[in-house]
Amino acid sequence: MRFANASPLFPALFAAVSILMIAFPDFSQAQNKEITKIAVEGSFPPFNYVDAENRLQGFDVEIARALCETANLSCEFIIQKWDDMIPNLNARHYDAIVSSMSMSEERQKLVSFTNSYYSSPSVFVVRKETKMLDFQSRSLGGLAIGVTLDTVQAAYVAEFFPDAKVTIFPSSPDLYKGLAEGSIDVAFEDKLAIYDWLTNTKAGGCCEFTGNDIIDPKFFGDGAGIAIRKADDDLRAKFNTALAEITSNGTYDAINAKYFPFSIR
């Protein structure tokens, strides 16, 4: 988790811009209703991505739509570069982040979070011909490891493997491409995101999980939550109430089942 690929790659069209607003008319039925702007990265399949027709898709997006409908909010989505997510939330460019953001200690100093809407450990994934990782070594035994820019996985690797050969990729699709092509030996990534790439793409056949799941509250928090500005208690409460409702009425499970053959709560 960013928590953080099998789905369509993020089009080059969007790579050149920092923010793109995508409006969904079905959330704007009330002309006089204030717009709630929601940021997503748009390049973290299957959680959020832009399809071949430039439509925003994914688990995060469907959960956000369901929450907005349940909370009677008129919502618009904004595609935002990952490393600008929290700064631009606090700068009031949008009102919430629904983008697989783990609730780490560092992030909780900057923003507030709703209750968790899913949980996923982080994992090491290696090319199948790669020798076993030396997890006791600060250098990972000399293997080249890849992480994604400004993620909790990158922070974890910097802390525990400071002598490793680290390549930082701008996005998850770039990380997976580097692993498939052999520019790195191992990737450290959110398990659910890379599971989709491993199981649903031809390129993912190159590689496999290794080692134990990594669960560390300091880095990964207690799951993914919706980030809200610290002062916006009312909006956080609305999302929490809506999350409880879509969980109890089966909406959450229906969305979950579209993307994963198991529960991710």
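The protein has 10 helices and 14 strands, where helices (H or I, at least four residues) and strands (E, at least two) are DSSP runs numbered from the N terminus. This is a predicted model, in which local features need pLDDT of at least 70 and side-chain atom pairs count only at pLDDT 80 or more, while totals for chains, interfaces and linings use all residues. Residues are numbered from 1 along each chain as its sequence is written, and side-chain values use heavy atoms, with hydrogens and water left out.

**Burial and surface**

Of the 265 residues in the protein, 55% are buried; buried means under 20% relative accessible area, exposed over 50%, and partly exposed in between (1.4 Å probe, protein chains only). The protein exposes about 11700 Å², and carbon and sulfur atoms supply 50% of that area. Accessible areas come from the Shrake-Rupley method with a 1.4 Å probe, and for residues only the protein chains shown count as cover.

**Nonpolar cores**

In soluble globular proteins, nonpolar side chains tend to be buried together. A nonpolar core is here a set of buried Ala, Val, Leu, Ile, Met, Phe, Trp, Tyr and Cys residues joined through side-chain atoms within 4.5 Å. The largest such core holds 49 residues, and F47, F59, Y117, Y118 and F239 touch the most other members. Helix 2 (residues 59–70) gives the most to this core, with seven residues. A second, separate core comprises 18 residues, including L133, L143, I145 and F161.

Contact means heavy atoms within 4.5 Å. Leaving out residues up to four places away in sequence, Y117 touches F59, D60, I63, V98, S99, S100, A224, G225, I226, L243, Y252 and R265.

**Helix packing**

Two packed helices are described by the angle between their axes and the distance between the axes. Axes are lines fitted to C-alpha atoms, for helices over the stretch in contact, and angles run from 0 to 180 degrees between N-to-C directions.

| Helix pair | Angle between axes | Axis distance |
|---|---|---|
| Helix 2 and helix 10 (residues 251–259) | roughly 165° | within 10 Å |
| Helix 2 and helix 9 (residues 233–248) | about 105° | 9 Å |
| Helix 6 (residues 172–181) and helix 7 (residues 191–200) | about 50° | 11 Å |

Angles under 35 degrees count as roughly parallel, over 145 as roughly antiparallel, 65 to 115 as roughly perpendicular and the rest as oblique. With axes crossing at roughly 165°, helix 2 and helix 10 are therefore roughly antiparallel to each other. Helix 2 passes helix 10 in a right-handed crossing; a crossing is left-handed if the near helix is turned anticlockwise from the far one by less than a right angle, and right-handed if clockwise. F59, E62, I63 and A66 of helix 2 make this contact with T251, Y252, I255, N256, K258 and Y259 of helix 10.

Helix 2 and helix 9, packed at an angle of about 105°, are therefore roughly perpendicular to each other. Here I63, A66, L67 and T70 in helix 2 meet F239, A242, L243, E245 and I246 in helix 9.

Helix 6 and helix 7 pack at an angle of about 50°, which makes helix 6 oblique to helix 7. Their crossing is right-handed. Helix 6 contributes Y176, L179 and A180 to the contact, and helix 7 contributes A193, I194 and W197.

**Backbone features**

The peptide bond from P45 to P46 is cis, with omega near 0°. P46 is found in the loop between strand 3 (43–44) and strand 4 (48–50).

S100 has a phi near 55°, a positive value in a residue other than glycine. S100 lies in strand 7 (residues 96–102) and, at 0% relative accessibility, counts as buried. D150 is not a glycine either, and its phi is positive at about 60°. D150 is found in the loop between strand 10 (144–148) and helix 5 (152–160), and at 43% relative accessibility it counts as partly exposed.

D95 has its place in the loop between helix 3 (85–90) and strand 7, and at 19% relative accessibility D95 counts as buried. The C-alpha atoms of D95 and K37 are separated by 5.2 Å, although these residues are 58 residues apart along the chain. Leaving aside neighbours within four places in sequence, D95 is in contact with I35, T36, K37, L89, A227, I228, R229 and L235.

K109 is found in the loop between helix 4 (105–108) and strand 8 (112–113), and at 56% relative accessibility K109 counts as exposed. The C-alpha atoms of K109 and K230, 121 residues apart along the chain, are separated by 9.3 Å.
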